[in-house]
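Here is a two-chain model to look at with some care.

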There are 2 protein chains.
Amino acid sequence: MANSKQIIFSAKERAILHKVLAARRDMRHFIADASVAPDVMGRLFEAANLAPSVGLMQPWRFIQVQNDQVREAIAELVDAEIQATANEIGARKEQFLKLKLDGVRSCAQLVAVVLAPDDGTLLGRRTLPREMALCSAACAIENMWLAARAENIGLGWVSLFDPQKLGALLHCPIDALPIALLCIGPVTEFYDKPMLVNEGWRNQKPLEKLLFTDRWPLGGEPQ
Amino acid sequence: MANSKQIIFSAKERAILHKVLAARRDMRHFIADASVAPDVMGRLFEAANLAPSVGLMQPWRFIQVQNDQVREAIAELVDAEIQATANEIGARKEQFLKLKLDGVRSCAQLVAVVLAPDDGTLLGRRTLPREMALCSAACAIENMWLAARAENIGLGWVSLFDPQKLGALLHCPIDALPIALLCIGPVTEFYDKPMLVNEGWRNQKPLEKLLFTDRWPLGGEPQ
C-alpha cells in the first residue's frame, strides 16, 4: 500500500465508505451451522487493531471462543442477564422478551472483547483515565464492525452479561473488564433499519436534535 | 441508496474500507486559517449519527465551536491540562513537552463531543450502564474520523482537558460529560505512522499479542 500520507481519497471511494457506514447493522439473527473463514476473521482483527487509542495504549484484547462448552457457559450468562433485565424493565417486559437480543449460540464465531488491566498510560488520560481506555476499545470494535459488514457478514455487540462472571469464566485478571460479546457470522439478510426500530421498540433521533453551536442549548435539549 | 439488506460489497469495496482504516491518523498539525465546507462537516456528522448505540440511545451530542472567544477559552483549558500532565509525567517530562498534543487553535473546525445525561435506557445497560453509553459515543467519533480521512482532512481527538471545566464553559448540564475535543481541518500531510510512534514516544503492539483463544492466557499476557 502507498504511504498513508500520500493517499488522496476520491469522491467515489468516499461514497463507498458511507455506504458501509449506512449498511452496518447490529445483527442478532445468524445462519446456524455456518462458518467464517480464518482469513476473514484475520481481516476483522486487523481492522480492529488499526483503531486509535489514547496514548497509543491499545487497551483491547480479543478472546476468540472455539470451545463449545465455553460458548454454552457464556450463552447461559446471557440468558440470565436477559431474564434479570426483564425483571427490571417494567411495563414493556412482554415486548422486551419477544426481542431477539443475542446470537451467542447460533453465530459462526463468538469473540469476547476485554478491556485490559490499566497499564498506567498518562498521556491524554489524567482526567478521564477509565473513560478514554473504554472509548479506545469501542473504536476498535466499530472498525471491526464496519470490516464485517464489508465482508457481507453480520456482527452484533451483545452487552447483556455480568462482567465479573464473564471475566471469571474467561480467566481474565480481576482488573480486566469484558465489555462485549461479538456475535459474528453469515446472516440471511441484514435488517433494513436497526432491529429495535423494526420491532417498534424505539425510534432514532435525527442529527439536528444532537448538534449544537458554541454551547448546550439554552433551555435544554430540543424534544 | 439501495435497501441496506440488499447491498453486497465487493472485494474492491472492501479494500477501499481497509485503505481508509489504515490511513486514518490522530492529527495534531493543521493548516492555519483553512476552512472546511459546511457540506463536508455535514457528512462527518451524518457519519457519526449512523453509529451503533446501546439500546439505540444515541448518547452523543456535538457542539460545534464557532465563537473565537469560546475557542480560545477551550484552548486555555487544554494548555492547563498539558501542563498538569507534564507535572505528573516524571522522567519523560521534557520529551512530553516537545510533543504537539493538540490543534485547538489552528484547526479549521473545533467540535466538542459530549455524553448526554443518562436517559435511563436499560436494554443492554443493566450491568455496565456508563461504560456502554461511553462506548456508543466513541463509535460515533470513530465513524466521523473515518469519514474525515475519506474527505482527506485531518481529525484529532484531544482528551487533554478537565471535563468539569469544559462542561461549565459549554453550559452543559451537570450530568453530561464532555469526552472529546475534535480538531478537524486540512493538513499539509498525514503522518505515515501514528505521531507518537514517529516521535519515539511509544511503539504499537502487533495483533498476535492481543488475540487469545477461549481464555485469558495462562501465566498472563505475552510480553
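Q: What pattern does chain A follow when read along the sequence?
A: In this predicted model, chain A runs as α-α-β-α-α-β-α-β-α-β-α-β, which amounts to seven helices and five strands.

Q: Why are the two copies described as related by a two-fold rotation axis?
A: Chain B can be laid on chain A with an RMSD of 0.0 Å by a turn of 180 degrees and a shift of 0.0 Å along the axis; the two copies are therefore related as by a two-fold rotation axis.

Q: How do you know that the copies meet through the same surface?
A: Of the interface residues of chain B, 100% are also interface residues in chain A, so the surface is the same on both copies. The contact involves 90 residues of chain B and 91 residues of chain A, and α5(B) gives the most to the side of chain B that touches chain A, with twelve residues. That side divides into 53 nonpolar, 17 polar and 20 charged residues.

Q: Why does the radius of gyration of chain A agree with that of a compact globule?
A: A compact globule of 223 residues would have a radius of gyration near 17 Å, and chain A has 19 Å, which agrees.

Methods
Residues are numbered from 1 along each chain as its sequence is written. Chains are lettered from A and ligands numbered from 1 in the order in which they are written. This is a predicted model: local features need pLDDT of at least 70, side-chain atom pairs count only at pLDDT 80 or more; totals for chains, interfaces and linings use all residues. Copies are superposed by least squares on the C-alpha atoms of residues with pLDDT of at least 70 in both. Two residues are in contact if their C-beta atoms, placed from the backbone, lie within 7 Å. Helices (H or I, at least four residues) and strands (E, at least two) are DSSP runs, numbered from the N terminus. Ala, Val, Leu, Ile, Met, Phe, Trp, Tyr, Cys and Pro count as nonpolar, Asp, Glu, Lys and Arg as charged, and the others, Gly among them, as polar. The radius of gyration is taken over C-alpha atoms; the globule rule is 2.2 Å times the number of residues to the power 0.38.
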